[in-house]
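Good morning, everyone, and thank you for coming.

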Amino acid sequence: MTARRTYRILFIGPPGAGKGTYAKHLEGRLGVPHISTGTMLRRCVAKDAPGAEKVRYHLDRGELIPDNMMIEIIKRRLSEEDTKNGFMLDGFPRTLVQAKMLDGLLDSMGLGLDYIFNIWTPYNKIVQRALNRAHCEACGRIYNLKNEDISPELLCDTCGGKLVRRGDDRAETLWHRLEVYDEKTRPIVEFYSERPQFHEIYTGGPVEDGLGKMIDIIEAAEREHDCA
Ligand code: AMP
């Protein structure tokens, strides 16, 4: 892929549709950080940072963290140097309030979004996948363990870190998270859908298919940009 100036990318879509998986795959290729608000929050709980109790309360129930708290977190993260040429936001925005705030923040910096990938997978597939999901606690790589049981011997192929499961990847919490998505997050799809940067990506098939489609979209935009 040719060097493009900026990659300010949003991954939106239901929990478990693969936002993190696709962002991780693109991270090395595009050279911009993958920012998962869910991972940031889980780290805050694991470190027992200030406010961790409140965060844990919402995470364990599959509920959203209040907008004001999320907005502070994202403002701070987007002010860091490594986001200068872009970022891949995975899990933010999740409400209309957050989406409008992000527009305002980018506007105030004279910036805009380059790509908005709305990824989707049928809900029964999402639940099945998430129940089999584990991730490396060191580098965040996501694994589909199929029917194997997670055991302490399982280590990450990339970095040797320990594979762990998320506390909220349980059937009851997952279905609830999908309801929360329908009610609170789905409206942002409409909010963004008329923009030229918006693209629907089906992620119910092999990862290479969805990934290939994203890369095609990025390359086509770059070709257009180069000829402009
Ligand atoms: P994820 O890893 O993106 O599935 O997020 C896991 C959990 O973190 C969600 O179920 C929410 O409780 C919380 N969370 C992550 N991002 C946000 C956000 N933008 N707004 C509110 N809560 C969030």
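By a polar contact I mean a pair of N or O atoms within 3.5 Å; within protein, one must be able to donate a hydrogen and the other to accept it, and residues adjacent in sequence count only if both atoms are side-chain atoms. What we have here is a predicted model, in which local features need pLDDT of at least 70 and side-chain atom pairs count only at pLDDT 80 or more, while totals for chains, interfaces and linings use all residues. Residues are numbered from 1 along each chain as its sequence is written, and side-chain values use heavy atoms, with hydrogens and water left out.

Let us begin with the ligand. A nitrogen atom of the ligand is 3.0 Å from a polar backbone atom of Ile65, and a ligand nitrogen is also found 2.8 Å from a polar backbone atom of Gly91. Arg177 places a polar side-chain atom 3.3 Å from an oxygen atom of the ligand.

Now to the cysteines. How many disulfides does the structure hold? There are 0, where a disulfide is a pair of cysteine sulfur atoms within 2.5 Å. For Cys44, the closest cysteine sulfur is in Cys136, 20 Å away, which is too far for a bond. Cys156 is in no disulfide either, and its nearest cysteine sulfur, that of Cys139, is 3.8 Å away.

Finally, Cys156 counts as buried at 5% relative accessibility, and Cys44 is buried at 17%, where buried means under 20% relative accessible area, exposed over 50%, and partly exposed in between, with a 1.4 Å probe and protein chains only.
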